[in-house]
Amino acid sequence: MKTTSEYTLYHTPSLIFTPRKRRYTANLLYVEDGLVLVRLGKTDIPVYTGQGFWLPFECLHALTITPNTRLHQLAVSPRTQHPLPESVGHVVLSPLLAAGLMELGTPTASVLTAAQSHHIQTVILDQITHLAPTQQLDAPTQALADCTAFAQTGQPPVSTAQHYQLQALTQLTIAQLQEYFTVRQLRAAMKSGKTWERAAESAGVSTADADTLCTRYACVFES
């Protein structure tokens, strides 16, 4: 990273998995639309439309970005002189901070000069110093976290109300979430060197079903 901060917009129809590793940068995530799952340890923490999430320096994590999600990410270099939050967790973005990220993500942002982009990111960095990350989940996020945990283990939600809340917050069904986790398991098994048959077995699906998923998510398995 040549500058103090670096902006990235994720917005594709594809399912995206970022590698699980300890990053030297700190990262601010803002989900303008959709759902991102932040994997910390064995837990996937949901971040959905309108929510922000802060990942401090050297935080081991991975992201699962569901299809068509619009995710703004600002990576911050350790060279920054701004005093940044040291804990991980959800954050409430000020209107100015959210507007700055969305400005960098507009189609016209490509015409911004380096100085203009740097100025916007400097304002964003100043706003980040006021963030207060929390690991305490509010009621809607906790309900979504419960659905995510059920989907990860292949179980249905505890109640129909939970499933409705999942759909209301993310426009996704529990079946879709389960499928995304299965694809993640298959991909991880393949990258670990398992045969396709063993990978399917470890993901709890038949080889035929694994073949179908491989075709449907070809770009994911090729990445």
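## Helix H1 and its buried face

In helix H1, which covers residues 95–104, the buried residues are Leu97, Ala98, Gly100, Leu101 and Leu104. The structure described here is a predicted model, and the elements against which the buried residues of H1 pack are strand E1 (5–10), strand E4, strand E9 (70–76) and helix H2 (114–128).

## Ala26 in strand E4

Strand E4 spans residues 26–33, and Ala26 belongs to this strand. Is Ala26 buried or exposed? Ala26 is buried, because its relative accessible area is 0%, and a residue counts as buried when that value is under 20%.

When neighbours within four places in sequence are left aside, Ala26 is in contact with Trp54, Leu55, Pro56, Phe57, Leu74, Ala75, Val76 and Leu84. One of these residues, Leu84, is 58 residues away from Ala26 along the chain, yet the C-alpha atoms of the two are separated by 8.5 Å.

## Strand E5 and its partners

Strand E5 (35–40) is mostly covered, since five of its six residues are buried. On the one hand, E5 is joined by six bridges to strand E6 (residues 43–48), and these two strands run antiparallel; within this pair, Leu40 stands opposite Thr43 of E6. The hairpin of E5 and E6 has two residues between the strands, and in this hairpin Gly41 takes a positive phi near 65 degrees.

On the other hand, E5 also pairs with strand E8 (residues 60–65), again in the antiparallel sense, over four bridges. In this second pairing, Val36 has Ile65 of E8 as its bridge partner.

In soluble globular proteins, nonpolar side chains tend to be buried together. In this model, the largest nonpolar core has 27 residues, of which Leu15, Leu35, Leu177, Val183, Leu186 and Tyr217 touch the most other members. Two or more residues of this core come from each of strand E5, helix H3 (139–152), helix H4 (160–170), helix H5 (174–191), helix H6 (196–203), helix H7 (207–216) and helix H8 (218–222), and the largest share, seven residues, is given by H5.

What does Leu186 touch, not counting residues up to four places away in sequence? Leu186 touches Trp196, Ala199, Ala200, Ala203, Ala210, Leu213 and Phe221.

How values were computed: Residues are numbered from 1 along each chain as its sequence is written. This is a predicted model: local features need pLDDT of at least 70, side-chain atom pairs count only at pLDDT 80 or more; totals for chains, interfaces and linings use all residues. Side-chain values use heavy atoms; hydrogens and water are left out. A nonpolar core is a set of buried Ala, Val, Leu, Ile, Met, Phe, Trp, Tyr and Cys residues joined through side-chain atoms within 4.5 Å. Buried means under 20% relative accessible area, exposed over 50%, partly exposed in between (1.4 Å probe, protein chains only). Contact means heavy atoms within 4.5 Å. Two strands pair if DSSP finds at least two bridges between them.
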